[in-house]
Amino acid sequence: YETLEAKFLSTFVQDESDMVIAGTEEEINDNYVKYSNKLWRVVSLNSDGMIKLVTNDSVNTMAWDINGSTDYSQSSIRAWLNNDFLSTLDNYESYLYDSIWNYTAVSSLVSKPSLINYVSDKVGLMMPYEIFLTMKKDVNNDSWSISNYDYWLISPIDDPFFNEVSSVTMTTNGYFVFDTCVPTEQLGVRPSIVLKSGIFVSDTDGDGSYGNGTVDSPYEIVAN
């Protein structure tokens, strides 16, 4: 077996202590991972070897919070992610790190928020800033992380006049859009997790081949 982080050490773009996979769908087509019979994409690798993943597609359509709150710690989407969704993941106590998820409200969708409000969970959502990094820090760029549907991000919007939460989409004519939506709106959900370091990927066909990380031949996580 090989460790998952070993497969990606040459493909990350450095940003402070994290290495983030940045580029278009055409440029980044080898960061697919299969885990719990779900297809994921590698987002980043930190200096401790832990790897962040996000589902390749939305796994649900739901409100960020059914009561309209923008407090992620009390939100219905957080409860769903760390109960209903978490229960579908294999051996999550062994594989997943209890990660810090920063839900500090943002006024700029392209600036890294300070760590003020956060929770420690096994499942969370991506921040707008992480999407921005996958675009090589240029909102005019496309990114592998953008979908053609609106999906929730973790950050509330820091605006006293609007009770809204961030989301992201790619319009039908190919333009990237950071959006803001009321928490009760029904949007897609792409859960994110952080794998512990030293997670192995399988020799999928027994001949020494470990897949190539493409959508047709993703890396598959196995017990270590």
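# Close-up views of a predicted model

**View 1. Ile100, Leu115 and Tyr118 make a nonpolar surface patch of about 310 Å².** This is a predicted model, in which local features need pLDDT of at least 70 and side-chain atom pairs count only at pLDDT 80 or more, while totals for chains, interfaces and linings use all residues. Residues are numbered from 1 along each chain as its sequence is written, and side-chain values use heavy atoms, with hydrogens and water left out. A patch is built from residues with over 30% relative accessible area and no salt bridge; like charges are joined within 9 Å, and nonpolar side chains (Val, Leu, Ile, Met, Phe, Trp, Tyr) within 5 Å. The areas come from the Shrake-Rupley method with a 1.4 Å probe, and for residues only the protein chains shown count as cover. Look for Tyr118 in strand 9, residues 118-121. Helices (H or I, at least four residues) and strands (E, at least two) are DSSP runs, numbered from the N terminus. Tyr118 is partly exposed, with a relative accessible area of 45%. Here, buried means under 20% relative accessible area, exposed means over 50%, and partly exposed lies in between (1.4 Å probe, protein chains only).

**View 2. The second largest pocket has a volume of about 200 Å³.** Of the 13 residues that line this pocket, Glu25, Ser143, Trp144, Ile146 and Ser147 are the closest to its centre. The lining divides into four nonpolar, three polar and six charged residues. For this sorting, Ala, Val, Leu, Ile, Met, Phe, Trp, Tyr, Cys and Pro count as nonpolar, Asp, Glu, Lys and Arg as charged, and the others, Gly among them, as polar. A pocket is found on a 1 Å grid over the protein atoms alone, as an open set of points with protein on both sides within 12 Å along at least five of seven lines; its lining residues have an atom within 4 Å of a point. Grid points are joined across faces, edges and corners, and the volume is the space filled by probe spheres set on the points.

**View 3. Glu25 and Arg41 join their side chains in a salt bridge, with N and O 3.4 Å apart.** This pair links distant parts of the chain: Glu25 sits in the loop between strand 3 (18-20) and strand 4 (32-35), and Arg41 in strand 5 (residues 38-46), 16 residues apart. A salt bridge is a side-chain nitrogen of Lys or Arg within 4 Å of a carboxyl oxygen of Asp or Glu, and by this rule the count comes to six. Are the two partners buried or exposed? Glu25 is partly exposed at 29% relative accessible area, whereas Arg41 counts as buried at 1%.

**View 4. Lys136 and Glu27 form a salt bridge whose closest N and O atoms are 3.5 Å apart.** Here the partners are 109 residues apart, with Lys136 in the loop between helix 3 (128-134) and strand 11 (151-156), and Glu27 in the loop between strand 3 and strand 4. Lys136 is partly exposed, with a relative accessible area of 47%, and Glu27 is partly exposed at 45%.

**View 5. The side chains of Lys52 and Glu130 meet in a salt bridge of 2.8 Å, N to O.** Lys52 belongs to strand 6 (residues 51-55) and Glu130 to helix 3, so the pair links distant parts of the chain, 78 residues apart. Both Lys52 and Glu130 are buried. Elsewhere, salt bridges that share partners join Glu93, Asp98 and Lys122 into one network.

**View 6. Asn37 and Lys137 each have a positive phi.** Most residues other than glycine have a negative phi. For Asn37, phi is about 60 degrees although this residue is not a glycine. Asn37 lies in the loop between strand 4 and strand 5 and is exposed, with a relative accessible area of 68%. Lys137 has a phi near 60 degrees. Find Lys137 in the loop between helix 3 and strand 11, where this lysine counts as partly exposed at 47%.

**View 7. Tyr219 and Asp30 are 189 residues apart in sequence and 9.1 Å apart in space, C-alpha to C-alpha.** Tyr219 is found in strand 17 (residues 219-222) and counts as buried at 7% relative accessibility.

Definitions and conventions
1 Å grid on protein atoms, 1.4 Å probe; cavity = no way out; pocket = protein on both sides within 12 Å on 5 of 7 lines; lining within 4 Å.
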